Amino acid sequence: MTSLTVSLARGALTSPFKRAGRPDATLPPARPTRPAAPVAPGPLAAYGRICGFTEPGPLPLTYPHVLAFPLTMRLMTGHAFPLPVLGLVHTWIEITPHRTVAPEEPLELTVYAEKLTPHRRGTEVTMATAARVGGELVWESRSGYLSRHATTDAAPSPHSPPDTVGDLPAVAEWRLPGDLGRRYGAVSGDRNPIHLHPLTARLFGFPRAIAHGMWTVARCLAEAGPGADIRSVRAEFRAPVLLPATVTYAADPTGGAFALRGAKGRVHLVGAVER
């Protein structure tokens, strides 16, 4: 957490000097790595409580992303990273577990910046994370983060989902408190100002603090049940969840597609699980 705090402070200092959308922008080649270590049971339990993973068992599919977040922040707040980290919005994630991982297994984590992609609202960077046990690749993910800026590119992001998600039946309704962003930030370390308070969120164009995308996908996966047989997960964040809020989790009863809907049917998240 100390290194993460340093990265966040560095991001606040370096962001004003970075200009997103430069045509000559390149990504740093560095691949920061966390040496192999078992998962600390206390933070894992706190994460499970706030995300709804109540049963003991394998590591939640989303948790390696949380463990690797300090490495991701170290890379994205460095001088060589071309986008300002303040205000970056998580737009999508793909997770591929190659096998289940027990909490006591020593995970080695590596992150790297894979590519920059033009987006109709700015520039999107793809960040990759790999988790290994004894040299074996056991889990990997790719995430998109959007830096919003003026652009003449009208093409949609290549990761944009279809305009409709079907009539998935409602499964559960969740009331999300106004401090959810601060609570999840304390557990995950992700204290991006857009999640913490209405005043800091307004600095980046949001009327209120918004829920973390990774909390929404984790909560959906927790509701979907045991993940030991999941081969891949894809989730796309369609619209921010302004806190506080009441949202509805909807899912295909035969498995696969899921969504998170808000007031008047607004779609916040769409996803799919492959088993």
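This report walks through a predicted model, starting with its sheet and moving on to its helices and loops.

**The sheet**

Let us begin with the strands. Ten of them form an open sheet in the order β1-β3-β4-β5-β2-β7-β10-β9-β8-β6, and the pairing is antiparallel. Which strands stand at the edges? They are β1 (33–37) and β6 (170–176); each has a single partner strand, so one side of each is left without a neighbour in the sheet. On average, neighbouring strands of this sheet are turned by 15° against each other, direction ignored.

As you trace the strands in the viewer, keep one general idea in mind: in a regular strand the side chains alternate between the two faces of the sheet.

| Strand pair | Sense | Bridges |
|---|---|---|
| β4 and β5 | antiparallel | 12 bridges |
| β2 and β5 | antiparallel | eight bridges |
| β2 and β7 | antiparallel | four bridges |
| β6 and β8 | antiparallel | six bridges |
| β8 and β9 | antiparallel | four bridges |

Strand β2 covers residues 89–97, and seven of its nine residues are buried, so β2 is largely enclosed by the rest of the structure. You can check its partners residue by residue.

Is W139 buried or exposed? Its relative accessible area is 3%, and a residue under 20% counts as buried, so W139 is buried. Leaving out residues up to four places away in sequence, W139 touches L61, P64, H65, I95, T96, P97, H98, T129, A130 and A131. W139 and L109 are 30 residues apart along the chain, and their C-alpha atoms are separated by 9.5 Å.

The next stop is S141, also placed in strand β5. S141 is buried, with a relative accessible area of 2%. Which residues is S141 in contact with, leaving aside its neighbours within four places in sequence? They are H65, E94, I95, M127, A128 and T129.

Now move to β8 (245–251). Six of the seven residues of β8 are buried, so β8 is largely enclosed by the rest of the structure. Towards β9, T248 stands opposite R261. The hairpin of β8 and β9 has five residues between the strands, and in this hairpin G255 takes a positive phi near 95°.

Let us turn to the helices. Helix α6 has 12 residues (213–224). At 1.5 Å a residue, α6 should span 16 Å, and its end C-alpha atoms are 17 Å apart, which agrees. How many of the 12 residues of α6 are buried? The count is 10, so α6 is largely enclosed by the rest of the structure. Among the buried residues are W215, A218, R219 and A222. Just after α6, G225 takes a positive phi of about 105°.

Two packed helices are described by the angle between their axes and the distance between the axes. Helix α2 (residues 41–51) packs with α6 at an angle of about 80°, with the axes 9 Å apart. Angles of 65 to 115 degrees count as roughly perpendicular, and α2 and α6 are therefore roughly perpendicular to each other. At this contact, Y47, I50 and C51 in α2 meet W215, A218, R219 and A222 in α6. By class, the contact has six nonpolar, no polar and one charged residues.

An α-helix has 3.6 residues a turn, so residues three or four places apart point the same way.

**Two loops to look at**

P244 sits in the loop between β7 and β8, and a cis peptide bond with omega of about -5° joins L243 and P244. K264 is placed in the loop between β9 (257–261) and β10 (267–274). Phi of K264 is near 60°, a positive value in a residue other than glycine. With 90% relative accessibility, K264 counts as exposed.

Conventions
Residues are numbered from 1 along each chain as its sequence is written. This is a predicted model: local features need pLDDT of at least 70, side-chain atom pairs count only at pLDDT 80 or more; totals for chains, interfaces and linings use all residues. Side-chain values use heavy atoms; hydrogens and water are left out. Two strands pair if DSSP finds at least two bridges between them. Axes are lines fitted to C-alpha atoms, for helices over the stretch in contact, and angles run from 0 to 180 degrees between N-to-C directions. The expected span of a helix is 1.5 Å times one less than its number of residues. Buried means under 20% relative accessible area, exposed over 50%, partly exposed in between (1.4 Å probe, protein chains only). Angles under 35 degrees count as roughly parallel, over 145 as roughly antiparallel, 65 to 115 as roughly perpendicular and the rest as oblique. Contact means heavy atoms within 4.5 Å. Ala, Val, Leu, Ile, Met, Phe, Trp, Tyr, Cys and Pro count as nonpolar, Asp, Glu, Lys and Arg as charged, and the others, Gly among them, as polar.
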